[in-house]
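Here are a few friendly notes to read with the model open beside you. Take them one at a time and find each place as you go.

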Amino acid sequence: MHACTHARTCCSVISVLSVQAEGVDLKIYCCDIIDFTKDLEGEFDAVWDRGAFGAINPDDRRGYATVVSSLMTRDCRYIACVLYYGDKAREEAGLPPDGAPHSIPLEQVQEPFASLCQVELLMKRPKDKNQLAGKPMSQECGESIYVIKKC
Ligand SMILES: C[S@@+](CC[C@H](N)C(=O)[O-])C[C@H]1O[C@@H](n2cnc3c(N)ncnc32)[C@H](O)[C@@H]1O
C-alpha cells in the first residue's frame, strides 16, 4: 500500500481498521479473521488462502472453516495453499516440535470443513530447493494445494 493512495477508516461493524485503496479495487481489513462477517463485504466468488490455514492454531480451524464457508457463494472456489513436510523436517529446520507452519494432510483439512464444504487435493508442488526455513530437508517438502467447494 506504500505506493498506492489509500484511505484508512475504522470499520463500524467490527471496530477494526480497514484500508481502501484509491483507483484499485482493493480493501484490506486488519483483523482476526474469526471476527469477519458477511455484513462487511457480502459473499465471495473466490478465496485464495496462501499460508493462513496452515498458520492458525489447530484448535481454531473449525471456527476458521465456519467463518470462511459463511463468506462463500454457492459456486465459490476456495484455494488453500498449505505446506507439507516429513516427520524429520521440523528438527532439521531448527523449528520447535509444534507450531506454525503446520504440515496439513487432506483429512486434517477435511475435518474442520465437515458438513460445510468438500475438500480435494488439487496438486502437490515440491519446493525447488527442497528447503524449509532455509534449511535443506532429507525428505520431500512443498506445498499442497487444496480446492474447497460448498457442499
Ligand atoms: C505464513 S503467513 C502467509 C502470509 C501471506 N499470505 C503469504 O503468502 O506470504 C500466515 C498469515 O496468516 C495470518 N493469520 C493467521 N491467523 C490469522 C487470524 N486468526 N486472522 C487473520 N490472519 C491470520 C498471519 O497474520 C499471517 O499473515
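This is a predicted model: local features need pLDDT of at least 70, side-chain atom pairs count only at pLDDT 80 or more; totals for chains, interfaces and linings use all residues.

1. Is T5 buried or exposed? T5 is exposed because it has 10 other C-beta atoms within 10 Å. Have a look at Q20 as well: T5 and Q20 are 15 residues apart in sequence, and their C-alpha atoms are 8.7 Å apart in space.

2. Now step back to the whole chain. How many helices and strands does the chain have? There are four helices and nine strands, and reading along the sequence gives the pattern β-β-β-α-β-α-β-α-α-β-β-β-β. The C-alpha atoms fill a box of roughly 50 × 40 × 25 Å along the principal axes.

3. Of its 151 residues, 15% are buried. Among contacts with a separation of 6 or more, 65% are between residues 24 or more positions apart.

4. The chain is divided into domain 1 (1–31) and domain 2 (38–150). Taken over C-alpha atoms, the centres of domain 1 and domain 2 are separated by 26 Å.

5. Next, find the ligand. Which residues surround the ligand? They are D32, I33, I34, R50, G51, A52, A55 and I56. By type, this shell divides into five nonpolar residues, one polar and two charged.

6. The peptide bond from A100 to P101 is cis, with omega near 0 degrees. You will find P101 in the loop between α3 (89–93) and α4 (106–113).

7. S115 is not a glycine, yet it has a positive phi of about 70 degrees. This residue lies in the loop between α4 and β6 (117–126). S115 is exposed, since 7 other C-beta atoms lie within 10 Å.

8. N130 also has a positive phi, near 50 degrees, and is a residue other than glycine. Look for N130 in the loop between β6 and β7 (131–132). Why is N130 called partly exposed? A residue is buried with 20 or more other C-beta atoms within 10 Å, exposed with 12 or fewer, and partly exposed in between. N130 has 15 such atoms, so it is partly exposed.

Key:
Residues are numbered from 1 along each chain as its sequence is written. A residue is near a molecule or strand if its C-beta atom, placed from the backbone, lies within 6 Å of it. Ala, Val, Leu, Ile, Met, Phe, Trp, Tyr, Cys and Pro count as nonpolar, Asp, Glu, Lys and Arg as charged, and the others, Gly among them, as polar. Helices (H or I, at least four residues) and strands (E, at least two) are DSSP runs, numbered from the N terminus. Two residues are in contact if their C-beta atoms, placed from the backbone, lie within 7 Å. Domain bounds come from an automatic or database domain assignment.
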